[in-house]
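Here is a protein model to be read step by step, by way of questions and answers. Please look over the sequence and the structure before going on.

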Amino acid sequence: MELPQQATLFTKTDLVALAQVLTWFDQFNHPAIPRSVWLQCQLALAEGFTNAVRHAHQGQPLDTLVEIEVKVLKQCLEIRIWDYGVGFDLEETLAKMPPISDTTAEGGRGLKLMKHVADYLSYTPTVDGRNCLLIVKYYSDEL
């Protein structure tokens, strides 16, 4: 099985689509990427997608698209998730959040989990009126 270098998925704003997103991400579960890195990226992807649906696209039609792109580079995996939400200052929001203490809570941990998993995390507006969540996870320089 050859490891894809890049793939893009467009999906509706619906939490039911999370299963499709995770199945699509399975193509990156490859021996060239350490299993622990892939699992951490899978978690970050699930959290990022869920946040786009629940928060960024809250009140928007189900056919509002969430775009997801994964790139495999020599040293890392890059995950980008685009949404059409209002946007917010990620660093400021993270700084105001309490530490993760209740591991059984239904919500409120996604940003902290992504920050913990990612080696680099950003959320920036784009020129086309969307926002881009970028998750970068380093693993090796020998891919």
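Q: How far apart are the mean positions of the positive and negative charges of the protein?
A: In this predicted model, the protein carries 12 positive and 18 negative charges.

Q: In what order do the elements of the protein run from the N terminus on?
A: The secondary structure of the protein is made up of four helices and five strands. Followed from the N terminus, these elements come in the order β-α-α-β-β-α-α-β-β.

Q: What radius of gyration does the protein have, and what would a compact globule have?
A: The C-alpha trace spans about 40 × 35 × 30 Å along the principal axes of the protein. For 143 residues, a compact globule would have a radius of gyration near 15 Å, and the protein agrees with this, at 15 Å.

Q: Which residues of helix 1 are buried, and where do they lie on the helix?
A: Buried here means under 20% relative accessible area, and 44% of the 143 residues in the protein are buried. Seen down the axis of helix 1, its buried residues fall within an arc of 100°, so they line one face of the helix. In helix 1, which covers residues 18–25, the buried residues include V21, W24 and F25.

Q: Which elements do the buried residues of helix 1 pack against?
A: Partners of these buried residues include helix 2 (35–56) and strand 1 (6–12). The buried residues of helix 1 also pack against strand 2 (65–72) and strand 3 (76–83).

Key. Residues numbered from 1 in each chain as written. Predicted model: local features only at pLDDT ≥ 70, side-chain atom pairs only at ≥ 80, totals over all residues. Heavy atoms only, no water. Helix = DSSP H or I, 4+ residues; strand = E, 2+ residues; numbered from the N terminus. Rg over C-alpha atoms; globule rule 2.2 N^0.38 Å. Buried < 20%, exposed > 50% of the residue type's maximum accessible area, 1.4 Å probe, protein only. Lys, Arg positive; Asp, Glu negative; His and termini not counted. Charge placed at Lys NZ, Arg CZ, Asp CG, Glu CD. Arc of directions from axis to C-beta. Contact = heavy atoms within 4.5 Å.
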